[in-house]
Amino acid sequence: MIRTDTHYIGRPVRSLQTMLRTLSYVYPFLPRVTPDGIFGERTLEAVMLLQREFFPPVTGRVDQGTWDAITALYRQAERRLSAPLPVTTGPGDESVHLNSAQSMFRGLGIVLDGVEPGAVNGRHDGPTTRNLQWLQRAGGRPETGRLDPESQHTLEQLYRIFVTHAQSPWLTRPELLGGS
């Protein structure tokens, strides 16, 4: 980390700012910090507010104890923010949450057999119902065709494995692993 006049810059600052930004979604009293790598006024304000609320004294400095405390809060926030939404939809329903499910099914349809192409329209239509039944059948669950938290979680995991991670250069460029 480099100190320039009254500011610190560098990757640890960007990491701190990323954690602070995530924490601002859980703790609305925190300012929404932009991870720019510069320890400026907004970052200082966020650190001081966290210190005031969770681990006094308020110094504005990020020593090892403060870093560890922010990291622990960040990990809790990540778990909380990544929990499946308590949403359930069925045929005929409309919900903004269906857009993400339908988008994930579109991506999975490219790489997995059995996923039906469908529109991303926020409506629990026929293709959405059938894709959810396919997902539930594959998971050994009752084929309700409803989007429930467990189905949403399973869908997110499949998407992460077969679409997100499949875009990794390690998987798409085998020469990086020493293969040809």
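In this predicted model, aspartate 148 pairs with arginine 141 in a salt bridge whose closest N and O atoms are 3.0 Å apart, a salt bridge being a side-chain nitrogen of Lys or Arg within 4 Å of a carboxyl oxygen of Asp or Glu. Both aspartate 148 and arginine 141 are buried, where buried means under 20% relative accessible area, exposed means over 50%, and partly exposed lies in between, with a 1.4 Å probe and protein chains only. A network of salt bridges links Arg141, Asp148 and Glu150.

Residues are numbered from 1 along each chain as its sequence is written, and side-chain values use heavy atoms, with hydrogens and water left out. Because the model is predicted, local features need pLDDT of at least 70 and side-chain atom pairs count only at pLDDT 80 or more, whereas totals for chains, interfaces and linings use all residues.

The structure holds seven salt bridges, among them the three in this table.

| Pair | Closest N to O distance |
|---|---|
| Aspartate 148 and arginine 141 | 3.0 Å |

Side chains of opposite charge can pair when their charged atoms come close. Glutamate 116 is partly exposed at 27% relative accessibility, and arginine 130 is partly exposed with a relative accessible area of 42%. In the pair of arginine 137 and glutamate 143, arginine 137 counts as partly exposed at 46% relative accessibility, and glutamate 143 counts as partly exposed at 40%.

A search of the whole structure finds one cavity of 30 Å³ or more, and about 60 Å³ of space lies in the largest cavity. Here a cavity is a set of points, on a 1 Å grid over the protein atoms alone, where a 1.4 Å probe fits but cannot get out, and lining residues have an atom within 4 Å of a point; grid points are joined across faces, edges and corners, and a volume is the space filled by probe spheres set on the points. The residues that line the largest cavity include Gln102, Phe105, Arg106, Glu116, Asp125 and Asn131. H4 and H5 are the elements that give two or more residues to this lining.

Which residues of helix H4 are buried? In H4, which spans residues 96-111, they are Leu98, Ala101, Gln102, Met104, Phe105, Gly107 and Leu108, and what covers them includes H5 and helix H6 (149-164). At the start of H4, a side-chain oxygen of serine 95 comes to within 3.1 Å of the backbone nitrogen of histidine 97. Glycine 107, which lies in H4, is buried at 15% relative accessibility. Leaving aside neighbours within four places in sequence, glycine 107 is in contact (heavy atoms within 4.5 Å) with Tyr159 and Val163. The C-alpha atoms of glycine 107 and tyrosine 159 are separated by 7.4 Å, although these residues are 52 apart along the chain.

Two threonines in other helices are also buried. Threonine 71, in helix H3 (residues 64-82), has a relative accessible area of 13%, and its side chain reaches the backbone oxygen of tryptophan 67 at 2.8 Å. Threonine 43, in helix H2 (residues 41-54), has a relative accessible area of 2%. Not counting residues up to four places away in sequence, threonine 43 touches Leu16, Gln17, Leu20, Val33 and Ile38. Threonine 43 and proline 31 are 8.3 Å apart, C-alpha to C-alpha, and 12 residues apart in sequence.

The mean pLDDT, the predictor's confidence in each residue from 0 to 100, is 86 for the protein, and 84% of its residues reach 70 or more. Confidence is highest in helix H5 (residues 126-138), at a mean of 96, and lowest in strand S1 (residues 2-4), at 43. Over residues 1-6 pLDDT stays under 50, and the model has 10 contacts beyond four places in sequence for them. Where pLDDT is low, the predicted coordinates should not be read in detail.

Technical notes. Helix = DSSP H or I, 4+ residues; strand = E, 2+ residues; numbered from the N terminus. Polar contact = N/O pair within 3.5 Å; in protein donor to acceptor, adjacent residues only side chain to side chain. 1 Å grid on protein atoms, 1.4 Å probe; cavity = no way out; pocket = protein on both sides within 12 Å on 5 of 7 lines; lining within 4 Å.
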